[in-house]
Amino acid sequence: MQPSRRAVLKGALLIPVAVPATAGASGGAPASSWDQVPAILARIQPPVFPDRTFPITDYGAKPDDTTDCTPAFRQAIAACNAAGGGTVLVPGTGRFRTGKIHLLSNVRLHVEAGGTIRFRSDAGSYLPNVFTRWQGIECYNYSPFIYARNQTNLALTGSGTIDGNAAAGPWSGFDSQRGPDWERLQQQAVDGVPVEQRQFGDGHHLKPNMIQFYGCTNILIEGLDLRNPAMWTVHPVLSRNITVKRVNIFSRGAMVDGVDPECSSDVLIEGCSFDTGDDGTVIKSGRDTDGRRVGVPSTGIVIRDNDYYGRWGAITVGSEMSGGVRDVFAENNRIHPGAGYRSFYALYLKTNDRRGGVVDGVHVRNLTGGPCDRGGFFIDMNYGLTGPGHGPIVDPVIQNVTVDGLNIADSPFAIRLSGSSASHIRNVTITNSTFTQIDTAAPQISNADDVVLRNVRVNGVLYGEPAPAGLRYEAENATISQGAVESGHAGYSGTGFVDYANLAGSYVEFTVTAAGAGAATLTLRYANGTTTDRPMDITVNGVMAAPAKPFPGTGAWTTWRTTAVAAQLQRGRNTIRATAVTSNGGPNLDYLEVLQ
């Protein structure tokens with residue numbers, strides 16, 4: 001009997017199947033949700049600043065870890081802003097101790113290598129209260145350590161350190177004391193108490209974020225070592241055009257997430273390291289009644305080439321998502337065992353029946369590594385109510401989730417989709433994913449409609465339908481210019497792979513015969529054991545199909561990944577060439593598969 005080309009779940013478990021791959025159906029390749037990414041990235045443009053420098057030492061700051069540099073930061077920022085913008089410089093000469101820092105438009109705060117901003121440990125240094133959000137509810141509370149509201153063109157850059165110094169302050173004690181304040185804030189939101197009357201701060205126990213940009217545009221955070229926050233580390237709210245790049249985040253304690261875009265749009269989080277005591281990268285949009293009142297979704301978010309060392313979810317949506325989340329794209333991210341902490345989940349979407357809101361379009365590919373102490377991919381619409389809670393039941397929606405190349409080792413389960421009886425999860429597609437060392441192998445799926453598994457293997461067992469069979473062309477049999485056939489790294493198919501010469505212009509060219517003209521998907525399998533992209537131009541019959549297509553690091557030369565390119569083929573003979581564009585050459589190339 002011919003196996004089905006498509007296996008669809010409607011609230012039931014898929015039975016393992018072991019059948020040969022079938023030939024691909026004819027017809028054009030469907031449009032991909034990933035086609036939105038270039039337009040999102042085009043809208044994300046880091047701010048630029050005039051060539052003016054305002055060293056904080058010119059305003060009385062001293063790097064002795066004793067002098068209160070709060071006035072020096074305030075004066076230098078004010079002078080920079082008044083001059084039309086520039087750089088407020090923290091020299092690389094030691095520790096500058098300070099209270100709150102409030103940024104103004106057109107100011108870049110730059111911390112040189114060897115320099116540290118170290119925040120004061122007394123709560124009074126973060127008064128008076130400012131307008132903020134606390135776990136997704138608007139209020140007035142302690143100032144975040146670095147804060148801006150309704151400003152534009154802002155940056156935190158450099159190779160130095162920003163140290164929240166939270167363990168020296170009262171903040172960890174707030175965790176066990178916040179109950180009455182947290183209950184009061186939630187009740188105020190349900191009762192519609194005006195935000196200006198929701199006053200906390202002095203005498204209360206809602207700890208502040210480390211970095212918060214509220215209602216701001218054109219934000220850059222790059223290169224810094226961010227350590228020891230009291231609460232969420234980087235928290236843009238109702239902001240847009242945000243770049244967080246090559247930042248290292250270290251946090252320990254409770255509620256110490258890495259980067260939390262909330263009700264924000266056009267966000268790039270790239271090349272960062274997250275060694276966090278809570279979620280690494282987590283998308284939010286307000287909580288319950290108050291989140292729905294504000295009603296602004298987080299949209300257009302790209303998360304790529306990051307490293308995660310724990311804890312909780314590496315890539316997460318929720319649980320504060322009441323304003324909605326749309327069009328999240330995460331690719332080429334890695335999970336590692338951390339020092340003392342490990343990730344709980346690789347991909348984690350969490351909500352419950354008080355949130356409301358719609359999560360529509362979360363797309364993840366090439367998320368690899370492990371271990372994950374609680375599970376691999378988890379959608380939980382029955383997430384625990386973490387506060388005393390108030391307000392009506394408003395069922396949320398989670399739909400249109402795609403996962404490709406989720407490769408996780410060592411976890412209690414591989415896939416768990418837990419919808420609610422009143423609001424099923426809808427349209428989840430998981431493809432080309434491998435899970436090993438899994439305690440509970442079979443995917444656990446309940447209250448979920450239109451779930452597709454294709455080429456998903458758990459402990460070597462295939463779940464769902466097999467991979468669509470395209471025509472495979474082994475690289476070792478292609479035309480090779482300035483490269484060699486090798487077999488020294490395990491995991492390849494066929495008889496070997498092509499090791500590109502380390503120079504621009506080296507290429508592998510395949511000759512492909514197509515039965516008819518039309519759209520095709522070209523899938524290249526490769527390994528890149530370095531941490532540097534090895535981009536290649538992909539041309540079809542001399543026409544560029546994918547200029548400088550990135551082939552990022554795979555973690556090891558024995559770790560193979562696939563990447564796809566959409567192309568047009570002519571009937572009959574076609575030439576498909578993958579040409580290295582940098583002096584590093586191309587990745588190791590295993591094969592090309594062509595699916596029409």
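I started with Ala 548 and how open it is. At 40% relative accessibility, Ala 548 counts as partly exposed, because the label covers what lies between buried (under 20% relative accessible area) and exposed (over 50%), with a 1.4 Å probe and protein chains only. Ala 548 sits in strand β43 (residues 543-549); strands (E, at least two residues) and helices (H or I, at least four) are DSSP runs, numbered from the N terminus. Its phi is near 50°, a positive value in a residue other than glycine.

I noted what kind of model this is: a predicted one, where local features need pLDDT of at least 70, side-chain atom pairs count only at pLDDT 80 or more, and totals for chains, interfaces and linings use all residues. Residues are numbered from 1 along each chain as its sequence is written, and side-chain values use heavy atoms, with hydrogens and water left out.

I then looked up Asn 447, where phi is also a positive value in a residue other than glycine, near 50°. Asn 447 is in the loop between β33 (444-446) and β34 (448-458). At 25% relative accessibility, Asn 447 counts as partly exposed.

Next came the cis peptide bonds. I found one from Gly 370 to Pro 371, with omega near 0°. Pro 371 lies in the loop between β28 (358-369) and β29 (375-380). Another cis bond runs from Gly 310 to Arg 311, with omega near 15°. Arg 311 belongs to the loop between β24 (307-308) and β25 (313-318).

I checked Arg 311 again for rings. It lies over the face of Tyr 341, at 4.5 Å from the ring centre; the rule asks for NZ of Lys or CZ of Arg within 6 Å of the ring centre and within 35 degrees of the ring normal. Arg 577 lies over the face of Tyr 507, at 3.7 Å from the ring centre.

How many aromatic pairs does the structure hold? I have 22 down, counting rings of Phe, Tyr and Trp (its six-membered ring) with centres within 6.5 Å; planes under 30 degrees apart are stacked, over 60 edge-to-face, the rest tilted. I picked out Tyr 142 and Trp 171, an edge-to-face pair with 5.6 Å centre to centre and 80° between the planes. The pair links distant parts of the chain, 29 residues apart: Tyr 142 is in the loop between β10 (137-141) and β11 (146-149), Trp 171 in helix α3 (residues 171-177). I have both Tyr 142 and Trp 171 down as buried.

I turned to salt bridges and found a count of 31, taking a side-chain nitrogen of Lys or Arg within 4 Å of a carboxyl oxygen of Asp or Glu. Arg 198 forms one with Asp 290, the closest N and O atoms being 3.1 Å apart. Arg 198 lies in the loop between α4 (179-191) and β14 (211-214) and Asp 290 in helix α5 (residues 288-294), so the pair ties together parts 92 residues apart in sequence. Arg 198 is buried, at 2% relative accessible area, and Asp 290 is buried at 1%.

Asp 266 counts as buried because its relative accessibility is 12%. Its contacts (heavy atoms within 4.5 Å) include Ile 40, Arg 43 and Thr 299, not counting residues up to four places away in sequence.
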